Amino acid sequence: MTEPGAATASPAAPASPSDWWQDAVVYQIYPRSFLDTDGDGVGDLPGIIDRLDYLRDLGVDAVWLSPIYPSPGLDVGYDVSDHSRVDPIFGTEADFDRLVAETHRRGMKLVLDLVMNHTSDRHAWFEASRSSRDNPYADWYLWRDPAGYAADGTPLPPNNWVSFFGGSGWQWEPRRNQFYEHTFLVEQPDLNWRNPQVEAAQMAMVRGWLERGVDGFRLDVFNAFLKDPDLASNPEQPGATAWNRQRHVNDRDQPDFVDLLARFRALVDEYPGRFTVGELFDGGPEQAATMTGGDHLVFDWEFITAPWSAAAFRELVERRERLFGPDRRPTLVFSNHDQPRQASRFAASAGTDDIDAVAKAAAMLLVGLRGTPFLYFGEELGMVDVAIPADEIVDPPARIAGPDFPWWNRDQCRTPMAWTSGPMAGFTTGRPWLRTGDYARHHNVAAESADPDSVLSTYRRLLAARREVEALRRGSYETLDAGDSDVFAWRRAAGGSTAVVAVNFAAAERRIRVPRGDAVRAVAGTHLDPPAPDADGGLTLRPFEGVILTSG
Ligand code: BGC
């Protein structure tokens, strides 16, 4: 198969220093939904290989794959039954090695998603562990005796922990007459990271992937690996849901986790130029900043919940600048496979139907702010959330959602990539595992490649500008007072290179002022004809317009 639509030439990727991730734009692929080449309705590794040229030409430097390991699929791949192999549904081991080689051949990097807090209950470790109290894997998971028995003989859980996916965090196993702990589904038992054998096995698995040439890892819910050694109950607090009615001080964020992270990083550092990014399980930039360092970044969720407002973004960026300081690098994450699509969310927050205009302005924020941008597949098209009828729900927690357990069905942001306006959006010749959305009629790679004013063409222009202007990749950050509360403007500077970026969050024209000297020429913008300031630094921005200006 070949890539539909015309490719836009982009400048070659910068030479790859060991801290390449400082320059990189990371693109998240949800493999089930990217491109299906064998007609089973599920995306696969050959499909990703087939579209690597598309990603290179878009201006992507690194590709992060959501889990590709064998899995019963209850948490759609985050319930892993063998961490060291490729799920045959995605392809063969040889396909994976070819994907690594083909990614590298195009000057790009490949990042895997490591799910190490828990396994599937079908993992061989857990199958052995649950079988008795005295097998070699008996202590590989968090097993505890009941706290007691109810009058009717029902065993009582060892503590008050609850599952993030609803209900108790403990499941009874009659073969051991014990409970095991699970932060997520009952079918996702948490590993006992305090058992040195577990740590050794995980490290061996990680080394295996490093040996196969992967360039980095995203660590799923990494701050939950270690629990309180005594598994003490969490303190109660007022809250709207069972999860929020506890302070999660004992089921995550343990003080000795920094040592575990350092041991993990020491292993990764044996392989030069490999980067890692930890996914905070419920945490803000304060925590992200303290855990960021060396070649390790941390995701937090503030942008994901931020309203569409210049003031909100300015405040949030300034706070994270204070917390991270100039030497630690924040991440820029506006959406992912767990959250509403950014175009949908920001447009709703802005109260506008012009979703594409907001998608382009969001692209400007992602490209222009200080940090490593993570772009979720399809955002470059302005893809939107898709309503999923109740009888098609795949996301397990969404099936049990109720008043005490509100849940946003994650299927809505996981629908297939739109390659063409043809049947099934050009994603599959079969029946897609999740429905494609109406968006595919207009928002697809083929149509948007042919339209210089599309969201896709805008991303291509902005990502090319980021490669061109060093200040956008590596520069310092400074807020500018643009003189209008609906416009967020800032300056980036690195060496001799300066860039001024301004984004109008309003659905109406705004007149602002930018510093003369620093902002003379428009390098790129959300619109095809970005405005340059007049001789006094006065600049008119159209609704939702963003622009990158440089001094010369
Ligand atoms: C992943 C989710 C997953 C959960 C449990 C998360 O943070 O991003 O998709 O359901 O971890 O693995």
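Strand E7 (residues 170-173) is joined to strand E8 by four bridges, and the two run antiparallel. Strands pair here if DSSP finds at least two bridges between them; strands (E, at least two residues) and helices (H or I, at least four) are DSSP runs numbered from the N terminus. The model is predicted, with local features requiring pLDDT of at least 70 and side-chain atom pairs pLDDT 80 or more, whereas totals for chains, interfaces and linings use all residues. Residues are numbered from 1 along each chain as its sequence is written, and side-chain values use heavy atoms, leaving out hydrogens and water.

E7 and E8 form a hairpin with four residues between them, and Asn177 in the turn has a positive phi of about 50 degrees. E8 also pairs antiparallel with strand E4.

| Partner of E8 | Bridges | Direction |
|---|---|---|
| E4 (residues 143-144) | two bridges | antiparallel |
| E7 (residues 170-173) | four bridges | antiparallel |

Trp143 stands opposite Tyr180 in E8, and Trp170 stands opposite Glu181. From E8 (residues 178-181), Gln178 and Tyr180 point one way and Phe179 and Glu181 the other, all being buried (under 20% relative accessible area, 1.4 Å probe, protein chains only).

Turning to the helices, H5 (residues 196-211) and H6 (residues 257-269) pack at about 30 degrees, with axes 10 Å apart; axes are lines fitted to C-alpha atoms over the stretch in contact, and angles run from 0 to 180 degrees between N-to-C directions. H5 and H6 are therefore roughly parallel, a term for angles under 35 degrees.

Key. Parallel < 35°, antiparallel > 145°, perpendicular 65-115°, else oblique. Buried < 20%, exposed > 50% of the residue type's maximum accessible area, 1.4 Å probe, protein only.
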